Every structure is written in structure tokens, then in C-alpha cells.
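I opened this entry to keep track of what I looked up, one topic at a time.

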Protein chains: 2
Amino acid sequence: MALAQSFIAVEPDSHFPLQNLPYGVFSSRDNAVRRIGVALGNQVVDLCALSNAGLLRGQRCQWHDCFRQASLNSFMALGRPEWREARAVLMRLLDKNEGRLRDDTILRQRAIVPMEEVTMHLPAEVGDYTDFYASREHATACGEMFRGHENALNPNWLSLPVAYHGRSSSVVVSGTPIRRPRGQVLGPGGPPASLQACSVLDYELEMGCLIGPGNELGEPVGVAEARDHMFGLVLLNDWSARDVQRWEMVPLGPFASKNFATSISPWVVTFEALEPFRCDAPKQDPEVLPYLREAGRHSYDIQLEAAIEAQGGGGGTVTRSNFRHLYWTLEQMVAHHTAGGCNLRPGDLLGTGTLSSAATGGAACLLEASRNGANPVALAPGVERTFLCDGDAVCLSAHCQGNGFRVGFGECVGRVMPARAGQ
Amino acid sequence: MALAQSFIAVEPDSHFPLQNLPYGVFSSRDNAVRRIGVALGNQVVDLCALSNAGLLRGQRCQWHDCFRQASLNSFMALGRPEWREARAVLMRLLDKNEGRLRDDTILRQRAIVPMEEVTMHLPAEVGDYTDFYASREHATACGEMFRGHENALNPNWLSLPVAYHGRSSSVVVSGTPIRRPRGQVLGPGGPPASLQACSVLDYELEMGCLIGPGNELGEPVGVAEARDHMFGLVLLNDWSARDVQRWEMVPLGPFASKNFATSISPWVVTFEALEPFRCDAPKQDPEVLPYLREAGRHSYDIQLEAAIEAQGGGGGTVTRSNFRHLYWTLEQMVAHHTAGGCNLRPGDLLGTGTLSSAATGGAACLLEASRNGANPVALAPGVERTFLCDGDAVCLSAHCQGNGFRVGFGECVGRVMPARAGQ
């Protein structure tokens, strides 16, 4: 069967073919109202305009109204049957053989906006943001640096997906500049600490899962039902101030070292679009407790990359990894998060934690790649980094490679601005 | 000068005299719409009704519109000059010598609702909830239990107000039943862990500060300006599953042990109402870094109490403490929270951490009071506890004692329900 194609042109290496249709929130040069769209090739299809034009009708009644909102939260709340129908209707409407939009010049003018003319916003209001620590490769590498090879993994790591609550107010959309934070740091001579600009600023290449319907307080989501609550994925950069982190984090975990910014990519790729790229998840040994045990353990074959571009040019790729290496699945994260009754709400964000692979170049943050600053990482001839410099842009990207098409995530970019002047 | 009094009767030991006027969100038997009110004696004054009747007018233009909302977030966002004017207008309108409301029988019927007829809701939508660990007495007592007398305080504790991000979705209003959580626990024999009902469930007596205008991402709030961003205080119970906490918290801090529920009291007592009860805060030694240094260090003389009432009766007070003992002030918490650029938003919640005092009976959680279960605490003849039993209601209360009046917080109550059946 030939691959379905749209009447909107899509290059073969585009992240956004008809098979993807990721959702995002945008405004445009001539319309400052935030509205929901899908990406297609290098165009944005305005779903509010299509809904107003009466082109978004299905048997289910709720989803097209959600496309008149300024965020995806209401749509996320509906659940998979509505998501599936919306996707099917959109794929049909945008297909090259379907004339209703294709042949309506006036509506096309209104509803199809070149990507270069839009400003992207956060796809959802993030009520709560949780960050996991689910990559065995990353946890092992960090553990070896700080506790030695024998004690690399903490005793609980293989028993539960370790996580902490992050800060939702400072989740920002790709493109937002990242101010190097100031924070309390302990110098090499020991106490007293001082307040200074972070000198070991790092990125962390992660993915983030946006939550769908969620659960009531006190009502856990079983691991077999967890998928019903997973709307889609974005790229996530968990910016980290390593010197601040080292001083503050015992005993209650990271706080100021992380809460100054978390970047996410604007286009939410749905699990429907990722379906062709399902693969097995790593085998777990020891066997996990029944509430985390899955009949089939699935992951996704998503190629991940992080690049650093120095101000004025120069730089290159620092990380090549893959989502499939993640030891704990998203389903297990949802089950563990809710096992004690904690409620998830539509638009909540679950970060995977730094997504490293065991291969050369697979370390997904500079702490790990440079062995805590001991081994500078070469980005390009004459350009190397131990940690991030002012002016550096960190660019995360990801895609699944299909047969003749890609389902991609676009980019998650943030450029480091110098710290504010000290007091 | 005689104490101003309202035409609404207020008993001398009431928590809600004319001098208090705490804000809350309520609905009533005959009107399910959530609206803003102030507590006065045993009545609730409906500010939406007063605003609609045109009685809430001042020179500033915004605050009376905010009283038509279903949460206090918009009012919190306005800042102290608007809060002050609103308070002055309300105090005048409710004064016994002012006839506009007093003599309007029809409006009184509509706008003054007996407290026993109302249901209280969360006063604000809590965007982010942060919990500090700011009581030296509590941090020392916990440290002694787990690390011995010599290492009681972690090295960073006297240098910064230690905090972690909590879960905002599970912040619930007083009266909400608390389901005993299930969670991963390590048995005395060591690994493997098992999923089971928490067997050492605890309360933590804290106070919570609700944030006012807040700051833009990247723009710290100086310690001298921090007060401008503090709207008011509530009681807060940071329910804690100690066995889950012990197993999960290294290295990223508490997660499932805390995120199943956090209770707060419904009435937000403003800092204007607390003004007469300002007192010195504890001296800090060693001197703190300049960004945390205050010209005058102020606290508030707020008497705190926690009681446990067993199902079917029996029980009594377990904690008597005072807010004034808090080592880190709220201003320092705001300054530290934002020093790296993290943004606070209106309605964000900052918990103080367990508010213990050094006096006998001053331990503000059962972990501390029972020395981790070693010494049962007597509640009443024949009733003792090491940790909470199913059916126990924990009742936190607080008030400031003035000359002939009290400024109180009412209560923050939660009853423990049995855990869900195991899988």
C-alpha cells in the first residue's frame, strides 16, 4: 500500500509528514490569538479555523470543540477514543485525494500558515512536572563518578522508577533564552558557601510525556491501563546547575539547581503516530513487583541527538542516543506515580530523566560525557566543552525513521545567556 | 482606643473577629457556585454578593472585580496596596457603626451565610507547591535520630533554607478524608521491597504561605522586597508515609511518601491581620550570605497545636508549638527560591516544614514525638500513638492572642481512611 500523502508538500526528511500530525499551540504574525494547530511539512494547519469552518466533524462530540481552546489540556482530558477519531478525521481531510480543504482557496489561506510565520507556545498548561531518573546507563555512570563502580546504582534503583517533583512554573517552550542561574555553591576550600553564577551549567537530553485524562486522588492507575493516560511525547531539556546541585541536594533532592528552567519542544507527537516504531523495552532483572509488571514491555525506537552550537558558529553533536534504552517504561512511571493515590491531571508532564545510551557518544549530559569535567568533549575542530559556555545554544532533536518517511519531534533549543550581575 | 467591632456578633474566643477577615472560597446549600468570602464570627460574608450590590468601591479599581472570581488567584496577583484598600473598605462596611449593610435586611440575607451551611474549597489554584525544612528544632531532632548528635544538621542547613518541590495536584482542603497510601517499603530483612499499606503514617504540623504577585522568570526577588509577594498564611498538614520515604528518598528526595495528600486550612489569614503579632525571628549564627540577610528579622507569634482524635472518641493534643521558632523567615524562603531566577506565581504555596519547638510536647510530627516509634505518645488516659491509626483525625489549629481578641486560622482537619485493598 502506498504511503498516504497530503496535498501540502512534505519533503522526505521532514519531521512532519501526514503520518505524524503533532499538536501544538501557536500564534501568527497577523493573529496574536493562541490556537491549536498540527504541523505538516513546513506548514501549520490551524485547527481552530478548521473547526470554525465546520470541517472537523466526527461521531464523537467533544474533540472539535477542544480545538477552539488556547491550550491542549481539554483535548488531552478526552482520552484515546476521541484522540483516535480526531486523528482519523484530520488525516482524511489533509489527504491529497480529499478536496474539501484542498480546493477551498479562501479557507486554505486562512487555515494554513507557513511555519516561519508562527510563534510557538507551551502546548499545555503544565499543572505538575515530575522528573524521573529512568535510564540505567545514566544512573550507573553518575553513580560510578560519585560512589564508585561497586555502589553505582542506589539500592532502590532497580526496584522502582526513582523520581522527584520538578517546578512547573519554569517549564518554557523551545527558543526561550536560558539565563545562567546564580546559586549557592561550595568552593573547593569548603564552607562557607557563596552565591555566584553557576560555573558548571549542563543540559540533560530527556523526553517528556504529557498526560491525558489522569486519575482521581486516591485511585491508582494500573500498569495495564497506564497507556490510556499517555497523550504524547516532547523533547525535554532539564537544564542543571551542577555546582548548586552538589551543595543543596542532600537530603531533599535537587531544587534551585533545576528550577530555573526546563525547556520542551512545542510539537506533541502522539502515541498513535509513534505506533509503527514500537519495539521491545529492555528486559528487567530482577523481576519487578506485580504493580510494575507488564504483560508486554514496549518502548519506541526514537533516535535522539543533542548538539551544542557556540555563539558565532562552531560546534556539533555531543549526544546520540535512543529512547528504546530506557529501563523503566512510561507505563511503569505512571503506575508508580499513582500507586499511592497521587492524582495526575491532563497536561501534567513526566520527564524520563537523562536518556543515555551505552555506546560511545551516548552520554546525554555533559556531566557524564566529560566525566564531571575531567575529559573535555570535542564538538568540532578546535571547539570543545566540559560544561556550557555563555552563548552556547543546546539543540535537542529526535525522530523515528520509517520506510520513506520520518516521524519527528522537531527541535528543542535554548541559548545560554550570561548570568545577571552579582549583588 | 476601643477595639473596632462588627454588627455581626463575635465571641471573644472566636478565631474570626473584625480584626482578622481571612479570605476563603465557599459554596452554600442553596448556591453551589464557588465564591469568595471572609469569615466573621460564625458567619461567612459573601464578597461576590457585596460586589454585585455595589458596596465594594475604593479608589483602586481592580480588587472588587476579583471578588467575583471562583478563586483568590486574581486578588492575590494585585499586590499589597490593593489588598490594604480592600481590607479597609471591608472593615468599615462591617463595622457596627456603619449602616449600609447592617440595615439592609435583604442584602444581609443574601450576603451573610452561617458557617455551618457552607462548604469550603481550596482558596486558590495552587500552581506549584514547595515545601521547606526551616525549623532548626525539627531538622536537628530528625538528624539526631538518623545520623547521631554530632552530624544532626546537614552541612548546608545553616547556609540555605533547604526545600523540595511538592505535588500541587494533591493539595486538598481541610475536611478531605486522607486515604492511607500503599507504597514500596523495604522490610526489616532488606531487599526485595514490597508494595504494602504504609504502616508508619505521620502528620506534619506546618504553615503554608500563599504567594501574591510573584516574579518573572529570571528576575529574583530580593529579601527586602519578599514581603510584597506574601499574601497570607494557612495551616498545612504534610502527610508523610515514613516507611515509603525511607526506601525511596536517596538520592532525589521524598516523592510517593508525600504526594498522596497535603491538607491546608480554608481561610487565608493576611499579613495585615497578623501585623499586631509581629515579633523577632531567631538570631542566625553563622551570619547568612548577603542575599538572605535581613535588616530586621521578623516572625509572628502564632500559637500552634496538633491534636489526634481517635475514631469513636478519645485523643488529645500531641503538639504545642509556635511559628516564631522558625529559623528561616518566609522572606528568606522567597529570596532563596527566586535567587536563581525561578518564578513564583500568584497562589503558589510555600510550606514551612514541620514547625517544632524545643519545649516538651513541641515535636510537630509523630516521627519526632515518638522518637521513630520508640516512645509511644500519650493522648489521653489509655490512648497512645506511635504513628497514626485508621480512623484517626488529625486536627491542626493556630491563633494569635490579642488583648481581648484572637486572630485565628480555624482548623485543618483530615481523617485517615484505611488503605485500598492490596492487589
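**Between the two chains**

I note here that the model is predicted.

I then looked up which elements of chain A take part. At least two residues of the side that touches chain B come from each of β7 (163-165), β10, β11 (194-197), α8 and α10 (330-338) of chain A. β7(A) supplies the largest share of that side, three residues. By residue type, the side of chain A that touches chain B holds 26 nonpolar, 20 polar and eight charged residues.

Next I looked up the extent of the interface. On chain A, 54 residues are in contact with 54 residues of chain B. The two chains bury about 5,100 Å² between them, and 57% of this is on carbon and sulfur atoms. Which residues of chain A lose the most area to chain B? I found A:His165, A:Leu252 and A:Phe255, which together make up 16% of what that side buries.

**Salt bridges**

I wrote down one general point before the search: side chains of opposite charge can pair when their charged atoms come close. Over all chains, the whole structure has 44 salt bridges. Across the interface of chain A and chain B the rule finds six.

I looked up two pairs by name. A:Arg420 and B:Glu219 form a salt bridge through their side chains, at 2.8 Å from N to O. The side chains of B:Asp348 and A:Arg167 also meet in a salt bridge, at 2.7 Å from N to O. Where do the residues of this second pair lie? B:Asp348 is in the loop between α10 (330-338) and β22 (349-351) of chain B, and A:Arg167 is in the loop between β7 and β8 (171-173) of chain A, so the pair joins two chains.

**Cavities**

Chain A gives A:Pro181, A:Arg182, A:Gly183, A:Gln184, A:Val244, A:Glu248 and A:Ala256, while chain B gives B:His336, B:Ala339 and B:Gly340. β10 (182-185) and α8 (242-248) of chain A are the elements that give two or more residues to this lining. β10(A) gives the most, with three residues. I sorted the lining residues of the largest cavity by type and got four nonpolar, four polar and two charged.

How values were computed: Residues are numbered from 1 along each chain as its sequence is written. Chains are lettered from A and ligands numbered from 1 in the order in which they are written. This is a predicted model: local features need pLDDT of at least 70, side-chain atom pairs count only at pLDDT 80 or more; totals for chains, interfaces and linings use all residues. Side-chain values use heavy atoms; hydrogens and water are left out. On a 1 Å grid over the protein atoms alone, a cavity is a set of points where a 1.4 Å probe fits but cannot get out, and a pocket is an open set with protein on both sides within 12 Å along at least five of seven lines; lining residues have an atom within 4 Å of a point. Helices (H or I, at least four residues) and strands (E, at least two) are DSSP runs, numbered from the N terminus. Ala, Val, Leu, Ile, Met, Phe, Trp, Tyr, Cys and Pro count as nonpolar, Asp, Glu, Lys and Arg as charged, and the others, Gly among them, as polar. Contact means heavy atoms within 4.5 Å. Buried area is the accessible area (1.4 Å probe) that two parts lose on being put together, summed over both. A salt bridge is a side-chain nitrogen of Lys or Arg within 4 Å of a carboxyl oxygen of Asp or Glu.
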